[in-house]
Amino acid sequence: MAKKLTKNEETHEIDEVEEDEEEEIEDWEDWRADGDEEGEEEEGSESDLTCLFCDSKYSSCDELFEHCRSTHRFDFHGVKKALSLDFYGCFKLINYVRSQVAENRCWSCGLTCQSEQNLRNHLHETFSFKDSMLLWDDDKYLKPFIPEDSLLYSFGEDDEGEEDYSSLDKEELMRDMKDLEGICIDDENAIETFALEASTSNENGMKEVAFASNGYLKMADPAEKAIVGNDAKGHIGLSDRRPKDKHLRVSFAKVVAKEIKNVNENYFGAYSSFGIHREMLSDKVRMDAYSQAILRNPSLLNDAVVLDVGCGTGILSLFAAQAGASRVIAVEASDKMAAVATQIAKDNSLLWSPSPKEGNNQRNGVIKVVQGMVEELDKSVEIQPHSVDVLLSEWMGYCLLYETMLSSVLFARDQWLKPGGAILPDTATIFVAGFGRGGTSIPFWENVCGFNMSCVGKELVEDAAQIPIVDVVDGRDIVTKSVVLQTFDLATMKPDEVDFTANIELEPKFDGPAGTDLKSKTTRCYGVVLWFETGFTRRFCKEMPTVLSTSPFTPKTHWSQTIFTFREPIAMASTEFKADRSAAVGSDACPAVKVHMRVSIARSAQHRSIDISLETSGLGPHGRKRSWPVQIFNLC
């Protein structure tokens with residue numbers, strides 16, 4: 001009886017499968033018929049593959065990529081081979097290049113040009129494929145930049161013997177990728193609406209953050225990113241039923257959301273170390289600037305509602321309460337530090353409590369500590385939009401913008417600060433200057449206990465040309481005049497102005513008494529150093545304005561300075577130097593009288609990191625110019 005029943009069940013299941021297959025075939029016939037009609041409409045339009053950099057069209061990928069290589073210096077196959085890119089890597093690369101070209105930005109070095117023609121003139125060969133990969137190794141580039149981009153499902157068909165994507169149905173793959181266009185993976189909140197709750201536990205701390213920030217976020221295997229069903233053959237992206245589209249959306253969104261959450265958890269977790277807070281609290285320059293701005297401007301803080309973004313131990317909130325604030329909302333994303341800040345406020349009788357003390361009509365204190373991100377503040381505490389009088393934050397990172405916390409401060413400003421409310425600090429300025437030999441490690445290694453170890457110093461300088469260094473630079477080692485790279489007005493700037501490109505000009509600086517003969521005096525510039533100042537100006541601090549400076553000419557801070565080393569030093573001299581016209585500009589025989597630089601700083605594809613690109617050229621005394629290869633750094 002049981003066996004017979006089983007057989008009947010199997011027969012019934014087979015009939016159902018056959019019916020489903022018949023329906024599916026009918027659906028496909030209709031779909032293909034539609035495609036045929038579209039094909040008839042487009043008959044005669046064989047060249048449907050559009051160049052990545054111009055409007056030229058081609059009928060094959062080989063022709064298109066050869067055009068890109070010979071005309072625009074973009075070697076697709078060379079990049080693919082050098083980085084061993086799989087299908088997903090190539091897919092990201094194409095979308096990344098298209099997105100950059102649309103903004104007149106160089107795909108390789110990140111420099112923004114004034115026009116399409118200027119961009120085409122600027123395009124150059126890539127000197128380090130791995131440096132460039134930092135820019136596009138992000139799953140947001142799995143979303144087609146141009147809807148129905150034929151190149152996205154054609155670039156693999158000319159490669160013989162490719163394992164996976166040669167077997168994919170192009171039309172089906174295109175349809176699945178088109179479904180992804182509705183996903184905004186830049187926005188974490190949008191991601192969470194697509195993604196199911198993802199596990200974000202991570203015990204690797206900052207080590208994983210540093211690893212991820214070197215351009216290779218270890219996400220799930222490509223197959224895991226595009227799971228759309230239980231296809232036993234393992235084909236990825238083959239979806240012909242609507243329910244599977246949801247799985248496709250969720251799997252992509254979950255991966256990205258999980259990585260952002262991991263980085264955030266590691267970032268905020270790192271600030272659970274008391275050592276970091278001791279270092280910041282021991283920074284006299286930092287503490288003096290904030291205490292003066294808060295405590296010596298009574299008209300600003302007295303009876304004010306204050307929001308402290310990223311409060312840490314709560315020191316700024318304590319200052320605000322001491323200055324007479326009526327309410328202080330201290331926001332801290334780290335679980336541990338939020339608890340610590342609460343205890344500190346309580347121990348100093350400044351913690352707000354929901355009811356007055358017994359026998360006293362006055363409440364305990366004014367500080368309310370909220371654990372969480374400021375972007376989600378209204379979920380944790382009752383607060384009306386635009387109800388804050390003063391916005392406080394010590395958001396600055398290395399090179400000012402590392403950690404990208406400024407974006408959160410600007411969000412808080414736009415969401416919670418009253419019109420005309422104060423933001424402290426209210427200005428920030430990045431400075432740049434060239435440094436000399438003393439700013440490198442070369443002098444140390446030339447004499448170690450009487451032994452010459454200069455080979456180590458030379459190797460370290462070569463390595464430094466690829467990785468930014470955070471260290472203290474002695475003001476005596478600065479060999480050019482200092483110039484302003486960028487200034488931010490935190491009260492009015494837009495969030496997207498955090499990313500910028502600026503042109504600067506460095507001139508040599510020679511210390512010495514007036515009348516010093518400069519005809520034979522030269523110096524060598526080994527790179528540039530960046531530092532910042534934040535201002536608490538009279539706009540809000542009317543009684544006592546102040547400045548927090550991280551300059552190499554002022555007392556050192558825990559921010560130090562950020563050093564970017566050239567691949568080779570540039571000799572510099574005054575215009576009075578008698579130069580050899582036949583020698584290369586920047587050499588000892590023909591020093592540069594000025595160094596022109598185009599500097600770009602932008603938030604990296606790796607969450608909370610920044611990318612810095614340097615385009616450097618030297619101007620000789622006779623008007624000759626020499627340019628050096630673009631350098632790209634990732635501060636992570």
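Is Thr-429 buried or exposed, and what is its relative accessible area?

Mentor: The model is predicted, so local features are taken at pLDDT of at least 70 and side-chain atom pairs at pLDDT 80 or more, while totals for chains, interfaces and linings use all residues. Numbering runs from 1 along each chain as its sequence is written, and side-chain values use heavy atoms, without hydrogens or water.

Thr-429 is buried, at a relative accessible area of 13% (buried is under 20%, exposed over 50%, partly exposed in between, with a 1.4 Å probe and protein chains only). Thr-429 belongs to strand S8, residues 427-435 (strands are DSSP runs of E, at least two residues; helices are runs of H or I, at least four; both are numbered from the N terminus). Setting aside neighbours within four places in sequence, the contacts of Thr-429 are Val-484, Gln-486, Thr-487, Trp-531, Phe-532 and Glu-533 (contact means heavy atoms within 4.5 Å).

The loop between strand S7 (417-424) and S8 holds Pro-425. The peptide bond from Leu-424 to Pro-425 is cis, with omega about -5°. Most peptide bonds are trans, and most residues other than glycine have a negative phi.

Two residues in loops have a positive phi without being glycine. Cys-399, with phi about 60°, sits in the loop between strand S6 (388-393) and helix H17 (406-416); Cys-399 is buried at 4% relative accessible area. Ser-560, with phi about 55°, sits in the loop between strand S13 (546-549) and strand S14 (561-573); Ser-560 is buried at 14%.

Next comes the core. The largest nonpolar core has 101 residues, and Leu-307, Leu-401, Leu-485 and Ile-601 touch the most other members (such a core is a set of buried Ala, Val, Leu, Ile, Met, Phe, Trp, Tyr and Cys joined through side-chain atoms within 4.5 Å). Beyond four places in sequence, the contacts of Ile-601 include Cys-399, Leu-401, Ile-430, Leu-485 and Phe-500. A second, separate core of 40 residues includes Phe-87, Leu-93, Leu-142 and Phe-155.

S11 pairs with strand S15 (residues 594-603) in the antiparallel sense, over 7 bridges (pairing needs at least two DSSP bridges between the strands). Asn-503 has Arg-598 as its bridge partner in S15.

Rings complete the picture. The whole structure has 14 aromatic pairs (rings of Phe, Tyr and Trp, the last by its six-membered ring, with centres within 6.5 Å; planes under 30 degrees apart are stacked, over 60 edge-to-face, the rest tilted). Phe-74 and Trp-107 are edge-to-face because their planes meet at 85°, with centres 5.0 Å apart. The two are 33 residues apart: Phe-74 lies in the loop between helix H2 (61-72) and helix H3 (76-83), and Trp-107 in the loop between helix H4 (87-102) and helix H5 (116-122). Phe-74 is buried at 1% relative accessibility, and Trp-107 is buried at 2%. Ring pairs join Phe-53, Phe-74 and Trp-107 into a cluster.
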